[in-house]
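This report goes through selected contacts in a single protein chain. Please keep the sequence and the coordinates at hand while reading.

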Amino acid sequence: MSHKKTSLANALSQLGRQESGSGRSVNLPLMQGSTLLFDSLADFEAARDSRYRPDVLYYGRYGNPASFQLENMLAELEGAEHCISVSSGLTAVTMALLAATQAGSHVLVADNVYAPTRLFCDTVLARFGVEVTYFDPMLGARLAGMLQSDTAAVMFEAPGTATFEVPDIPAIAKVARDHGAISILDGTWATPVFCRPIKLGVDIVAHSGSKYIGGHSDTMIGFIVCNAAHYLSMRKMVLAFGDRAGAHDIFLSLRGLRTLEIRMKHVEAAALKIATWLSEQPQVKKVLHPAFPDCPGHEFWSRDFRGSSGIFSVLFDCADKNKLHRFIDGLKMFGLGVSWGGFESLALPFDPAAMRTATAWGETGQLVRISIGFEDTDDLIADLAQALKCFN
């Protein structure tokens with residue numbers, strides 16, 4: 001980090017705040033506003049002509065001191081030069097893909113990406129004349145054989161949604177860069193606490209701040225993190241679509257970042273304890289967790305990540321969907337809902353076979369994604385134990 005406060009703990013506590021001035025607030029206040037006034041036409045024209053800069057006040061949609069502080073903070077945490085806040089994590093992904101492509105472009109997309117990302121590629125990008133090819137996320141450097149002369153971008157996740165394979169991030173980023181394509185990585189799972197993909201060679205990192213960054217399941221925001229080479233094209237695309245993060249979501253994200261490291265360390269330890277316990281249960285066929293040696297790409301996780309988050313999947317040795325329904329409905333402390341990263345624990349069934357086209361999901365059984373929150377860990381295990389009886 002370029003900031004003097006180099007430790008992660010200090011950065012999370014001290015960045016994104018007003019640093020001087022007697023009587024200043026500990027937290028930046030919620031900042032709302034559309035029209036901004038100027039003292040002279042010369043001042044207005046100067047702001048208008050430099051409105052794409054990340055610190056220029058021009059009109060509410062272009063940002064305000066709070067959004068600039070949040071974006072600067074995320075950029076610092078990622079070891080990047082710039083960050084653009086948008087209205088959701090999916091918006092971060094879709095805007096990055098749109099900025100990286102044009103009609104006639106070709107895009108490579110990992111086969112295990114977030115389902116709405118795939119839907120966007122198959123509908124919007126296809127409608128705009130962009131060809132999409134899905135690839136095995138574990139190809140690593142062998143992905144070079146799939147790039148075409150018109151490949152403009154490579155989109156992937158680390159780890160993959162629901163099945164948690166960890167790709168070789170530096171290898172894929174290098175393949176893309178050597179070919180002149182932009183690499184785009186969804187880094188929501190790890191957050192900057194556990195991985196900094198920009199430092200591994202990735203061009204664009206997209207985050208859903210609705211997850212761990214907000215941290216309380218009450219925020220809808222996304223972030224596009226990049227260096228100077230891609231900043232202007234990304235920011236212009238976002239503004240061309242009229243997108244922006246809401247004032248309250250910016251406020252909540254700044255607040256959530258203060259406790260991010262503490263929360264991530266807690267859910268890491270709790271999830272590892274629960275995942276280990278689940279792996280020992282007779283009803284469980286496999287636990288899909290990047291920190292487990294049998295998880296595909298575990299060696300890349302060990303090399304490139306500093307920890308693991310609170311979300312993983314469990315494959316139950318059962319083909320009966322009625323039993324799966326009884327298991328989910330029998331859980332007392334796990335909520336049922338999409339998203340994750342808040343204080344509550346969640347459980348959500350997935351069918352990877354229905355989400356892939358380039359690679360086969362060869363496992364049998366019922367897959368459930370588990371997100372661990374802040375309830376008592378032993379009580380969560382006890383709840384899982386009583387619900388597991390549904391599989392007997």
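This is a predicted model: local features need pLDDT of at least 70, side-chain atom pairs count only at pLDDT 80 or more; totals for chains, interfaces and linings use all residues.

## Salt bridges across the chain

The model contains 12 salt bridges. One of them joins the side chains of Arg-356 and Glu-165, with an N to O distance of 2.8 Å. Arg-356 sits in the loop that connects β10 (346–350) and β11 (366–371), while Glu-165 sits in the loop between β4 and α6, so the bridge ties together parts that are 191 residues apart in sequence. Arg-356 has a relative accessibility of 13% and therefore counts as buried. Glu-165 is also buried, because its relative accessible area of 9% falls under the 20% limit.

A further salt bridge is formed by the side chains of Glu-363 and Lys-285, at 3.6 Å from N to O. This pair too links distant parts of the chain: Glu-363 belongs to the loop between β10 and β11, Lys-285 to strand β8 (residues 284–288), and 78 residues separate them. Glu-363 is partly exposed at 25% relative accessible area. Lys-285 is likewise partly exposed, with a value of 37%.

## The end of helix α11

Asp-304 lies in helix α11, which covers residues 298–304. Is Asp-304 buried or exposed? Its relative accessibility is 11%, so Asp-304 counts as buried. Arg-303, in contrast, is partly exposed, with a relative accessible area of 46%.

The side chains of Arg-303 and Asp-304 meet in a salt bridge with an N to O distance of 2.9 Å. Salt bridges with shared partners join Asp-168, Arg-303 and Asp-304 into one network. The side chains of Asp-304 and Arg-303 are also joined by a polar contact of 2.9 Å. When neighbours within four places in sequence are left aside, Asp-304 is in contact with Ile-169, Pro-170, Phe-194, Cys-195 and Leu-200.

## The buried face of helix α6

Helix α6 spans residues 169–179, and its buried residues include Ile-169, Ala-171, Ile-172, Ala-173, Val-175 and Ala-176. Ile-169 is also among the contacts of Asp-304. An α-helix has 3.6 residues a turn, so residues three or four places apart point the same way.

Which elements do the buried residues of α6 pack against? They pack against the strands β3 (131–135), β4 (151–157) and β5 (182–186), and against helix α11. Just after α6, Gly-180 adopts a positive phi of about 85°.

## Packing of α4 on α8

Helix α4 (residues 89–100) packs with helix α8 (residues 228–240) at an angle of about 115°, and their axes are 9 Å apart. The crossing of α4 past α8 is right-handed. On the α4 side the contact is made by Met-95, Ala-96, Leu-98, Ala-99 and Ala-100, and on the α8 side by Ser-233, Met-234, Met-237 and Val-238. How many of these residues are nonpolar, polar or charged? Eight are nonpolar, one is polar and none is charged.

Technical notes. Residues are numbered from 1 along each chain as its sequence is written. Side-chain values use heavy atoms; hydrogens and water are left out. Helices (H or I, at least four residues) and strands (E, at least two) are DSSP runs, numbered from the N terminus. Buried means under 20% relative accessible area, exposed over 50%, partly exposed in between (1.4 Å probe, protein chains only). A polar contact is a pair of N or O atoms within 3.5 Å; within protein, one must be able to donate a hydrogen and the other to accept it, and residues adjacent in sequence count only if both atoms are side-chain atoms. Contact means heavy atoms within 4.5 Å. Axes are lines fitted to C-alpha atoms, for helices over the stretch in contact, and angles run from 0 to 180 degrees between N-to-C directions. A crossing is left-handed if the near helix is turned anticlockwise from the far one by less than a right angle, and right-handed if clockwise. Ala, Val, Leu, Ile, Met, Phe, Trp, Tyr, Cys and Pro count as nonpolar, Asp, Glu, Lys and Arg as charged, and the others, Gly among them, as polar. A salt bridge is a side-chain nitrogen of Lys or Arg within 4 Å of a carboxyl oxygen of Asp or Glu.
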